Amino acid sequence: MSDALPTPRRFPLTAGLMAGVGGLLGATAVGWLGLPPNVALLLSITVGVALLAFALGRVMGWSDRWMVIAIPLGWFLVFFLVPFFVLGRISLSEAIIARPPYSPLWDTAPDGSIEILASLQNYGFILGESLYRNAYLSSMQVAAVSTVFALLIGYPIAYYIARSEEPKRSILLLMVILPFWTSFLLRVYAWIGFLRREGVINNLLLWAGIIDEPLVMMQTPGAVYVGIVYTYLPFMILPIYSALEKMDGSLIEAAEDLGCSRLSAFWLVTFPLSRPGIIAGCFLVFIPAMGEFVIPSLLGGSQTLMIGKVLWEEFFSNRDWPVASAVAVVLLLLLVVPIVLFQRNQQRQQEAGK
Amino acid sequence: MKHRLSWFNVTSLTLGFAFLYLPMLILIIFSFNDSRLVTVWGGFSTRWYGALFQNQQFLDAAWVTLKVALFSSTLATVLGTMAAYVLVRAGRFPGRTLFSGMSYAPLVMPEVITGLSLLLLFIAIGLDRGVFTIVLAHTTFAMCYVSVVVSSRLMTFDRSLEEAALDLGCTPFDAFRSVTLPIIMPAVISGWLLAFTLSLDDLVIASFTSGPSSTTLPIKIFSAVRLGVSPEINALSTIVISIVAVGVITASLISKHTIARRQREEMEAGHG
């Protein structure tokens with residue numbers, strides 16, 4: 001391998017080769033994806049400028065560091081940060097029948113003065129209307145209850161896996177990860193066949209003579225809880241497992257030698273040490289569950305009010321983009337606090353790991 | 001660590017796994033049901049698999065989904081690896097906090113917000129919705145997953161290898177290509193697989209960013225499922241579940257084999 005280490009002199013050749021292959025791939029991609037010509041032009045200019053800057057940096061002897069930072073940073077800025085500004089801007093306008101269906105933020109009057117049209121009326125509307133308030137509150141409740149259930153079910157599983165020995169541990173871990181790789185939509189769909197009026201559970205209970213009438217399980221809040229816990233369970237198990245796995249087993253032995261019962265050793269030693277995992281798991285379940293759309297719309301009924309579903313309907317059915325944007329901004333604000341906390345926690349863990 | 005497990009642990013484990021797997025098992029069984037009534041057993045049959053492969057709409061949607069997944073996962077792997085490298089190796093630079101915030105936030109952001117805000121961006125800049133816009137959207141959220149996977153590998157490997165390459169006259173780019181990249185390759189590959197699966201699976205973001213001519217498979221499945229349970233979807237699910245199961249088990253066997261081989265080589269090198 002060592003003689004294959006490239007010298008800086010080979011660089012122009014490598015770069016030329018890479019640019020050629022990249023160009024070929026790009027051309028195929030453009031044809032295949034059916035891009036409009038102006039977008040294709042824009043893309044090739046961007047790539048060209050980037051390559052030119054890279055080559056220029058080489059010749060001038062600048063560090064590559066800035067290129068490596070600039071590319072992902074630029075992507076995040078354009079496709080993650082800017083969209084939020086667009087979202088915020090549209091939430092301040094009014095729905096009109098036009099293309100695009102929202103009003104401008106200012107208008108130039110004939111005498112040249114600028115009239116500001118932006119207003120906070122969409123936010124006033126959302127906060128005043130009980131439908132939206134209830135949707136936020138019930139989303140929070142559903143997410144919180146599901147998180148607690150996921151923790152109660154997930155912790156013992158994570159604990160058991162962390163305590164088992166190879167190869168059992170790998171197999172169990174694989175069994176937790178496997179559903180995560182399987183289509184989420186199809187796993188939610190699987191529950192419909194389970195919970196329906198003529199579904200597996202009802203048929204089984206009727207056959208066993210436990211019930212006379214089929215139970216109503218679909219389109220109830222209960223079905224939504226089951227769906228969310230089921231879907232997000234691996235997100236709870238994995239962080240707890242990785243926290244428990246790192247734990248030193250001799251700590252428990254020491255606690256027991258010092259007279260702790262097994263239960264109190266668990267409460268005093270294991271549980272506190274697994275806290276970072278519990279916190280991470282709870283965030284990973286709570287935050288996506290809060291904005292969940294697929295589960296309440298497939299398993300829940302019309303009385304299940306969740307904000308993700310409200311936003312979806314506001315956008316796709318009512319076509320009121322400004323109100324949908326305002327709903328999204330409020331949801332975002334409700335979640336920013338937990339996300340910042342999560343980030344802090346993550347950083348602390350990273351620093352502790354060093 | 002000694003394993004002493006109570007009946008409580010074993011029961012909760014069994015119930016937990018039953019909860020995870022029973023619905024899928026029932027789904028697979030009923031995909032071989034001859035009856036159209038999905039809950040009444042009418043004998044073994046594979047007719048729904050045949051019907052599925054005759055359904056042109058599903059096949060078209062599957063093709064679009066595959067195209068999107070291939071492009072977005074590849075792009076996300078390149079960008080996500082760069083992002084991971086920046087997070088772990090680039091040290092301090094102005095905007096670092098913003099950078100790391102933006103690389104974690106999409107992981108937990110509700111999909112409805114990501115989808116809506118990207119759609120509004122595409123409309124604001126006048127980009128027609130289609131396969132291309134879904135690729136851009138999927139790349140954006142999948143690169144964060146790639147970045148997490150790759151940066152956890154970057155954090156654990158011995159930095160002195162890179163430094164040795166630099167001391168021997170490599171430029172940073174060459175050192176990355178011939179030392180760092182081969183070492184982090186398993187993580188890059190699993191990042192790609194993760195990005196690919198996420199893209200195949202996504203319904204919400206694709207619904208917002210797709211155009212009329214670019215319906216993906218999850219969008220198609222969702223509209224079919226909303227109307228009720230259908231045996232064709234059961235057949236489709238069975239195919240998806242089997243592909244995933246075979247893929248994940250193979251990948252884990254390969255990675256175990258590689259780790260075992262590396263350990264053996266290290267042992268031999270240590271003794272020799």
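How many residues of chain B are in contact with chain A? In this predicted model, where local features need pLDDT of at least 70, side-chain atom pairs count only at pLDDT 80 or more, and totals for chains, interfaces and linings use all residues, 103 residues of chain B are in contact with 105 residues of chain A, contact being defined as heavy atoms within 4.5 Å. Residues are numbered from 1 along each chain as its sequence is written, chains are lettered from A in the order in which they are written, and side-chain values use heavy atoms, with hydrogens and water left out.

Between chain B and chain A an area of about 9,900 Å² is buried, 80% of it given by carbon and sulfur atoms; buried area is the accessible area (1.4 Å probe) that two parts lose on being put together, summed over both. On the side of chain B that touches chain A, helix H1 (residues 7–31) of chain B gives the most, with 16 residues, where helices are DSSP runs (H or I, at least four residues) numbered from the N terminus. The count of salt bridges between chain B and chain A is zero, a salt bridge being a side-chain nitrogen of Lys or Arg within 4 Å of a carboxyl oxygen of Asp or Glu.

Leaving aside residues up to four places away in sequence, B:Phe208 touches residues of both chains, among them A:Trp312, A:Phe315, B:Leu116 and B:Arg129.

Over all chains, the structure holds two salt bridges. In one, A:Arg169 pairs with A:Glu245, their closest N and O atoms being 3.5 Å apart; because A:Arg169 lies in helix H6 (residues 168–181) of chain A and A:Glu245 in helix H9 (residues 221–245) of chain A, the pair ties together parts that are 76 residues apart in sequence. A:Arg169 is buried, with a relative accessible area of 18%, whereas A:Glu245 is partly exposed, at 39%. In chain B, the side chains of B:Arg89 and B:Glu162 meet in a salt bridge (3.1 Å, N to O), and B:Arg89 and B:Glu162 are both buried.

Key. Helices (H or I, at least four residues) and strands (E, at least two) are DSSP runs, numbered from the N terminus. Buried means under 20% relative accessible area, exposed over 50%, partly exposed in between (1.4 Å probe, protein chains only).
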